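Hi everyone, thanks for making time this morning.

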Amino acid sequence: MMRNREIVCPGCAAVNRTPADKPAGAGKRGRCGNALFNGRPLDADAAMFEHQTRRPAVPMLVTA
Ligand SMILES: [Zn+2]
């Protein structure tokens, strides 16, 4: 059975489901239509941090 990952869009916080056997960066945002990852760190306010850490489908490195 193929499982999906839930990746939170860094732009609009929509949850995107991508197949676990595909590269996560290959997916497109369902709401925005842009790439889920741009290869750069994400500046996140408290609300976006909460969205991102609620569904930790990909490794995260947090700096302050
Ligand atoms: Zn989005």
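When I say "strand" today, I mean a DSSP run of E with at least two residues, and the strands are numbered from the N terminus. Please keep in mind that this is a predicted model.

Let's begin with the overall layout. The protein chain has 1 helix and 2 strands, and going from the N terminus the order is β-β-α. The chain has 64 residues, and 9% of them count as buried.

Now, on to two residues I'd like you to look at. Ala 13 is in the loop that joins strand 1, residues 4–8, to strand 2, residues 15–19. Is Ala 13 buried or partly exposed? Ala 13 is partly exposed, because it has 15 C-beta neighbours inside 10 Å, and a buried residue would need 20 or more.

The other one is Arg 31, which lies in the loop between strand 2 and helix 1, the helix spanning 46–54. Arg 31 also counts as partly exposed, because 13 other C-beta atoms lie within 10 Å. Which residues does Arg 31 touch, leaving aside those up to four places away in sequence? They are Cys 9, Cys 12 and Ala 14. Take Ala 14: Arg 31 is 17 residues away from it along the chain, yet their C-alpha atoms are separated by 6.9 Å.

That's my tour, and I'm happy to take questions.

Technical notes: Residues numbered from 1 in each chain as written. Predicted model: local features only at pLDDT ≥ 70, side-chain atom pairs only at ≥ 80, totals over all residues. Helix = DSSP H or I, 4+ residues; strand = E, 2+ residues; numbered from the N terminus. Buried ≥ 20, exposed ≤ 12 C-beta atoms within 10 Å, placed from the backbone. Contact = placed C-beta atoms within 7 Å.
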